[in-house]
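This report describes one structure for a reader who has not seen it before. Please look over the sequence and the model first, then read on.

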Amino acid sequence: MKCHKKKRVLRKNLFYMGAVVTVLLTAMAVTGCGREAVEKITCSDTAMGTVIQQTLYVRESEDREADDREEEGREAQDDADALPARVMDCLNDLEAQILSWRLEGTEVYEINQSDPEAGYPLSEKMSGYLECISQVWEKSGGALDVTLGEVTRLWNIDAWAQGLGAEEEAIGELGFQIPSQAAIARGLEDTGFEKLRIEENRIYLPEGMSLDLGAVGKGIACDEILALLETQEQVQGAVISVGGSVLTYGSKPDGNCWKVGIQHPRESGEYLAILSLSGSKCVSTSGDYERYVELEGIRYHHIMDPETGYPADSGLISATIVSDSGLLSDALSTACFVLGAEKGLALAESFGAEAYLIGKDMEIYMTEGMKALILR
Ligand code: AMP
Ligand code: MG
């Protein structure tokens, strides 16, 4: 984990500088209510198969008795230093205990192995996730379907795109194969959210069906991080990206809004728009440029149309959603990508979320509320 820290503020606490030698004093400023020292910590690491970037603004109250200051200062510093690692622990636990379909012993793994007759007892968390997922599944007409496991594994695009590099020309020679139509048809027989039953907190998954929460995992991660940050009084604000989902939390010491860029789907490192967000929000993007392989000029990406079993071809190449809930923003970004512009906008609006959708010819479709969030 790479971490950097910057001290942003302070009144008479040059005192602290002896104890906190690694901190860089970069600016003198005073935040809104009272005077506080605010430290900026940035970190970059990997978890859940993706890059995690954290920027945390951690405050140190100055209303301490002088005698206690040094000791408390050290404790506060220890707490602040430990925060990025706690965020990483939270993500690794989520992956290792609940979400991964690959790791033996996770809840998803156990559900996928469970006896269709006996069912499997759902944790409170998983019950909550599935409740929200089922609403998006229903309102999207099945465009988001977390029972697509058999089909997504057949394509295995995530592994190909990661292992070989998206631009690998010899990808076919190296072994990537388009699944046969017969295999896709067989895979589709084992999918369909309507076929699973949840009764009295037990899930009954039909024989052959498997859950894949890849479409919502990063958003769930943002919700879990938010819950963690809410218990950390010293955190004034944070912006944390988990792959295609970004969480903003609290406020920036300079009083400005959080700025989150919408990636240009064809020009890496360029942004089509900058969103200006305040407080806790989650921004999720699903795009055909994130994970794909190209074979004979055709791009096979990782977002499947549950009706056909092939990569979705709705006319969109990117879908970004802003919502108060990470799970919802992630679920909706996938569903909108599959549905296309018109139905996607209506779906996002029906959940009170904002959408920024990009078509094949770089045409932009937005909900009314999204327009107000765009800085440029
Ligand atoms: P995202 O990048 O959030 O759109 O999620 C894509 C991931 O979700 C894929 O890597 C698959 O694991 C899974 N997935 C693909 N298509 C769908 C779909 N239509 N509904 C639910 N999950 C999907
Ligand atoms: Mg998603």
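The model is predicted. After the helix comes Gly340, with a positive phi near 95 degrees.

**The magnesium ion**

Which residues coordinate the magnesium ion (ligand 2)? The coordinating atoms come from Ala215 (O), Asp330 (O and OD) and Thr334 (OG1), at 2.1 to 2.4 Å. Along the sequence, the spacing of these donor residues reads A-x114-D-x3-T. Ala215 is in the loop between β7 (202–204) and α8 (217–230), whereas Thr334 is in helix α9, so the pair ties together parts that are 119 residues apart in sequence. Ala215 and Thr334 are both buried.

**Ligand 1**

There are 18 residues around ligand 1, and those that come nearest are Ala143, Asp212, Ser286, Met304 and Thr334. Helix α9 gives the largest share of this shell, with three residues. Several polar contacts reach oxygen atoms of ligand 1. A polar backbone atom of Ala215 is 3.1 Å from one such oxygen. In the side chain of His302, a polar atom lies 3.0 Å from an oxygen atom of the ligand. For Asp330, an N or O atom of the side chain is 3.0 Å from an oxygen atom of ligand 1. On its own, ligand 1 exposes 500 Å², and the protein buries 93% of that area.

**Sheets and strand pairs**

Strands of a sheet pair through backbone hydrogen bonds, in either a parallel or an antiparallel sense. One open sheet in this model has three strands in the order β5-β7-β6, paired antiparallel. Its edge strands are β5 (120–121) and β6 (197–199), each of which pairs on one side only.

Strand β12 (281–287) is mostly covered, with six of its seven residues buried. Strand β12 has antiparallel pairings with β9 (residues 245–250) and with β15 (residues 316–323). The table lists these pairs together with two others.

| Strand pair | Sense | Bridges | A facing pair of residues |
|---|---|---|---|
| β6 and β7 | antiparallel | three | Arg197 and Tyr204 |
| β9 and β12 | antiparallel | four | Thr248 and Lys281 |
| β12 and β15 | antiparallel | six | Thr285 and Thr320 |
| β13 and β14 | antiparallel | four | Tyr292 and His301 |

Strands β13 (residues 292–295) and β14 (residues 298–301) form a hairpin with two residues between the strands, and Glu296 in this hairpin takes a positive phi near 50 degrees.

**Residues in loops**

Two further residues with positive phi lie in loops. Met48 is not a glycine, yet its phi is positive, at about 50 degrees. Its place is the loop between β3 (36–47) and β4 (50–61). Is Met48 buried or exposed? Met48 counts as buried because its relative accessibility is 11%, and the cut-off for buried is under 20%.

Asn201, also a residue other than glycine, has a positive phi near 60 degrees. Asn201 lies in the loop between β6 and β7. With a relative accessibility of 46%, Asn201 counts as partly exposed.

Asp288 belongs to the loop between β12 and β13. A relative accessibility of 6% is why Asp288 counts as buried. The side chain of Asp288 makes a polar contact of 2.8 Å with the side chain of Arg266.

**Where the parts meet**

Thr334 is a donor to the magnesium ion and is among the residues that come nearest to ligand 1. Asp330 coordinates the magnesium ion and also has a side-chain atom 3.0 Å from an oxygen of ligand 1. Ala215 is a donor to the ion through its O atom, while a polar backbone atom of Ala215 is 3.1 Å from an oxygen of ligand 1.

Terms used: Residues are numbered from 1 along each chain as its sequence is written. Chains are lettered from A and ligands numbered from 1 in the order in which they are written. This is a predicted model: local features need pLDDT of at least 70, side-chain atom pairs count only at pLDDT 80 or more; totals for chains, interfaces and linings use all residues. Side-chain values use heavy atoms; hydrogens and water are left out. Donors are N, O and S atoms within 2.8 Å of the metal (3.2 Å for Na, K and Ca); water is not among the atoms, so sites may look incomplete. Buried means under 20% relative accessible area, exposed over 50%, partly exposed in between (1.4 Å probe, protein chains only). Two strands pair if DSSP finds at least two bridges between them. A residue is near a molecule or strand if one of its heavy atoms lies within 4 Å of it. A polar contact is a pair of N or O atoms within 3.5 Å; within protein, one must be able to donate a hydrogen and the other to accept it, and residues adjacent in sequence count only if both atoms are side-chain atoms. Accessible areas come from the Shrake-Rupley method with a 1.4 Å probe; for residues, only the protein chains shown count as cover.
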